[in-house]
Amino acid sequence: MNLEHFLKNEAPSWMSKSGTDADIVISTRIRLARNLEGYKFPRVSSEQEAKHVDNVVTNALLNIKKGERNFSHFTIKEMPALQRQVLVEKHLISPLLAKKEKSASVVLSNDESISVMVNEEDHLRIQCLSPGFQLFETYEIADQLDSYLEKHLPYAFNETFGYLTCCPTNVGTGLRASVMMHLPALTMSNQMKVITQMLTRLGMVVRGIYGEGSENLGNMYQISNQVTLGKSEQEILEDLQNVVSQIIQNERNARGSLMKQAPIALEDRIQRALGTLKYARIMTSDEAATCLSNVRLGVDLGLIKGIPISILNECMIFIQQGFVQQYAGTTLQATERDLFRAKLLREKLNVENQNSKEKGEEKYDV
Amino acid sequence: MICEHCNVRQATVTVTQIINGQKSERHFCEVCANQFHPFNIDFKKEENLHLAQLVSNWFGLPIWKSEAQEQQTQTTQTTTNCPTCGSSFRQFLNDGKLGCPQCYETFSNKLPQVLTKIQSGTKHTGKIPGTTTNNHLVLKKQIDSTRDQLQQAIVEERFEDAAKLRDEIKDLERKLEVGGVDTP
């Protein structure tokens, strides 16, 4: 597959399938950090060493028998900056990898559900994405790939410390499981601070959707395990599963009481957001994220009909600056981006409405 | 006015000191003031130290207060550098990252005290490469964790559970002795 396949203006195909609890959990991500014995970690390794690691890993991945999964390999250095940014915004590579000058690369599966970053902070970062809340299923996929790779690669492993990683915060299982959640009701009722503190005590972290340091743009939160050593994969996943299930329940309750206490105010807020998305001419990414969050809540509560969640998922990715610039076909200033972002959103949402209308009419005819 | 110190240059700096309520004024030229100024600290050095201190505070390890002290401690301490990548434990404390897989072996006696601060244990209990159900290592791990459970059961005075766990451990140990093959 050529790179264009991974850059086109569409949501990745893994996102089109719906998962469990998809109204609150957008996606599940499993990441495994692995290193190769006998090589220095990428941060201190020489260009030559890095290149060797890249070759060994890429060969192992590309040799996976056809029919199962097809992988494509891309070298970061050879990509223009804008394309790197698009891949970051799609969560296919990390911001750190996008900045790498040494032999860093990424190996992607065609449906974009698996990406293996080579020479990021560790030699390998295996990442699997699934829609909805599917911790164990997603881990299964990552685990299978990992078990395949360990037969072909000399993993750095130690009986006491487990899988050895560059940063001691990843050592042990090397597993980081994260769940991306849409929590508008808990945010509106100011409960997120308490939840964040509670999670910290349980060895888990809450972050904004775009990783470390990003704020809770559009009421999206990424919840992941912090601890990787002293717990088995099973325990890590179970703990996260329990916590996330509880948060889902809390969010449902909070949504219920919002509907009970202030139905008109809530509907007003939601319909205004929809109006803004459909008709605004200037749209910052913050405003777009907020409006999309409100519309999503409206769809979940049945207050807005005719907008599929998949379109909202797509829009969530497209409002980011890299995508907007790709849509415009050129690099843009911030103010120009806001114009194009508004245009893009109008197109997406209005086209979709026409489609659903047509479909509705067809139904009457049949 | 002429500088009190060098008696050559024009005094341009007035230093007012209040020590125990006694006020004294002294006049220096710019060159001498630079050498004498009580607040003339090398800020860069200070800043570096703060950062290192922050990291080691986080890891809960002591940090040497000044360069002189540092040199002293360094001479008494046998500094081991990783044979593969050459990084030292001090370097690791500074940036929180290791250089190569070998580092874990090299610093295996110092790392656990760091790991207890940031992880929930110092021993890996998860997946092991090349795992088959009767693997030697898996058995060992299983025995370890069952022993922990046994201890817990004893502490909580759940003696029935403890007896079961003890039998379990015996079974596991037997399996381990026969080389991981489960023979009756």
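1. Chain B first. In this predicted model, chain B reads β-β-α-α-α-α-α-α-α-α along the sequence. That comes to eight helices and two strands. Of the 184 residues in chain B, 14% are buried. If you look at contacts in chain B between residues at least 6 apart in sequence, 30% of them join residues at least 24 apart.

2. Now for where the chains meet. The contact draws on 30 residues from chain A and 24 residues from chain B. Which element gives the largest share of chain B's side? That would be helix H6 (residues 111–118) of chain B, with three residues. By class, the side of chain B that touches chain A has eleven polar, ten nonpolar and three charged residues.

3. Over in chain A, have a look at the sheet. It is an open sheet of eight strands in the order S2-S3-S4-S5-S1-S8-S10-S9, paired antiparallel. Strand S2 (71–75) and strand S9 (204–208) of chain A each have a single partner strand, so they sit at the edges with one side lacking a neighbour in the sheet. From one strand to the next, the twist averages 20°. As background, strands in a sheet pair through backbone hydrogen bonds, and the pairing can be parallel or antiparallel.

4. On one side, S3(A) runs antiparallel to S2(A), with five bridges between them. S3(A) also runs antiparallel to strand S4 (residues 114–118) of chain A, joined by four bridges. You can follow Ser105(A) through both pairings: Thr75(A) stands opposite Ser105(A), and in S4(A) the bridge partner of Ser105(A) is Val118(A). Next along, Val106(A) stands opposite Met117(A) in S4(A). The hairpin of S3(A) and S4(A) has four residues between the strands, and Glu112(A) there takes a positive phi near 65°.

5. Are the residues of S3(A) buried or exposed? Five of its five residues are buried, making S3(A) mostly covered. In a regular strand, side chains alternate between the two faces of the sheet. Here Ser105(A), Val107(A) and Ser109(A) point one way, Val106(A) and Leu108(A) point the other, and all are buried. As for what lies over this part of the sheet, helix H2 (residues 47–62) of chain A lies across S2, S3, S4 and strand S5 (124–131) of chain A, and runs at about 160° to S4(A).

6. On to a helix pair. Helix H5 (residues 135–152) and helix H8 (residues 233–261) of chain A have axes that come within 10 Å and cross at roughly 150°. H5(A) and H8(A) are therefore roughly antiparallel to each other, and H5(A) passes H8(A) in a right-handed crossing. To find the contact on screen, pick Leu135(A), Phe136(A) and Tyr139(A) in H5(A), which meet Glu233(A), Leu237(A), Leu240(A) and Gln241(A) in H8(A). Sorted by class, this contact has five nonpolar residues, one polar and one charged.

7. Last, helix H3 (residues 81–89) of chain A. Its buried residues are Arg84(A), Gln85(A), Val86(A), Leu87(A), Val88(A) and Glu89(A). What do they pack against? The partners are helix H1 (3–7), helix H4 (95–99), helix H11 (309–318) and helix H12 (321–328) of chain A. Just after H3(A), His91(A) takes a positive phi of about 65°.

Key:
Residues are numbered from 1 along each chain as its sequence is written. Chains are lettered from A and ligands numbered from 1 in the order in which they are written. This is a predicted model: local features need pLDDT of at least 70, side-chain atom pairs count only at pLDDT 80 or more; totals for chains, interfaces and linings use all residues. Two strands pair if DSSP finds at least two bridges between them. Axes are lines fitted to C-alpha atoms, for helices over the stretch in contact, and angles run from 0 to 180 degrees between N-to-C directions. Two residues are in contact if their C-beta atoms, placed from the backbone, lie within 7 Å. Ala, Val, Leu, Ile, Met, Phe, Trp, Tyr, Cys and Pro count as nonpolar, Asp, Glu, Lys and Arg as charged, and the others, Gly among them, as polar. Angles under 35 degrees count as roughly parallel, over 145 as roughly antiparallel, 65 to 115 as roughly perpendicular and the rest as oblique. A crossing is left-handed if the near helix is turned anticlockwise from the far one by less than a right angle, and right-handed if clockwise. A residue is buried if 20 or more other C-beta atoms lie within 10 Å of its own, exposed if 12 or fewer, and partly exposed in between; C-beta atoms are placed from the backbone.
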